[in-house]
Amino acid sequence: MSFPREDVPARYLRMPHVERGMAVGLFGGSFNPPHAGHALVAETALRRLRLDQLWWIVTPGNPLKDNSRLAPLSERVALSEACAEDPRIKVTAFEAGYRVRYTADAIDLVRKRNSGVDFVWIMGADSLRDFHRWERWRDIARTVPIAVFDRPGATLSFLSSTMAKAFGHARIDESDAPLLARIRPPAWTFIHGPRSSLSSTALRDAARKEEGR
């Protein structure tokens, strides 16, 4: 996987500034393109998990997906900034700056460079279905707490995921979500709430159809 950095302002290639004692959400993805559904997850995470910050991490690419139709990193960063209205949401592309390919390595790097900060990984229920295919997925679950957010069509299927079965003992009640970032992993919870039917795939398909007219 390449690490495109051209035309990306230098500030996005660094990690956002944090202070010791903060609770910070890590919300990573290709965001190809970002949309209101992503913003809804980010805003809900800030509120339900009582986070001081949320890092909206725009990745260079997804090792598990075909990246041939991936928009330029600079474009995805700019569009993400347009979606992220809350000042506590920090858009970053630090993975490209540090040439990090896998989420597990990114999390290790973040924790190493930000001691005294409590991090929690944020993901949609649709991503949980393939979580066991991620590089060192068990290490991720044992390194940071995980908050799984409801997505259309994935409310029930997440329970049958390999991760949910492997770490069923580590699931905490949704009512304890405000404590999740401070809980020693493995620990995870499922967050119900408002859902958006928007998807990046659907938006890309619609754009291609429009171009073909």
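Reader: What relative accessibility does Arg 136 have?

Author: This is a predicted model, in which local features need pLDDT of at least 70 and side-chain atom pairs count only at pLDDT 80 or more, while totals for chains, interfaces and linings use all residues. Residues are numbered from 1 along each chain as its sequence is written, and side-chain values use heavy atoms, leaving out hydrogens and water. Buried means under 20% relative accessible area, exposed over 50%, and partly exposed in between (1.4 Å probe, protein chains only). Arg 136 counts as partly exposed because its relative accessibility is 32%.

Reader: Which residue meets Arg 136 in a salt bridge at 2.9 Å, N to O?

Author: A salt bridge is a side-chain nitrogen of Lys or Arg within 4 Å of a carboxyl oxygen of Asp or Glu. At 2.9 Å, N to O, the side chain of Arg 136 meets that of Asp 108. Arg 136 lies in the loop between helix H5 (125-128) and helix H6 (137-143), so the pair ties together parts 28 residues apart in sequence, the other being helix H4 (residues 103-113), which holds Asp 108.

Reader: How far apart in sequence are the parts tied together by Glu 174 and Arg 48?

Author: Glu 174 forms a salt bridge with Arg 48, their closest N and O atoms being 2.7 Å apart. Glu 174 lies in the loop between helix H7 (162-166) and S6, and Arg 48 in helix H1, so the distance in sequence between the parts is 126 residues.

Reader: Which strands are the edge strands of the sheet?

Author: Helices (H or I, at least four residues) and strands (E, at least two) are DSSP runs, numbered from the N terminus; two strands pair if DSSP finds at least two bridges between them. Here 6 strands form an open sheet with parallel pairing, in the order S3-S2-S1-S4-S5-S6. Two of them pair on one side only, which makes the edge strands S3 (89-92) and S6 (188-191).

Reader: Which strands does helix H2 touch?

Author: Contact means heavy atoms within 4.5 Å. Helix H1 (residues 36-48) packs on the sheet and touches S1, S2, S3, S4, S5 and S6. Helix H2 (residues 73-83) also packs on the sheet, with its direction at about 150° to that of S2, and touches S2 and S3.

Definitions and conventions. Axes fitted to C-alpha atoms, helices over the stretch in contact; angles between N-to-C directions.
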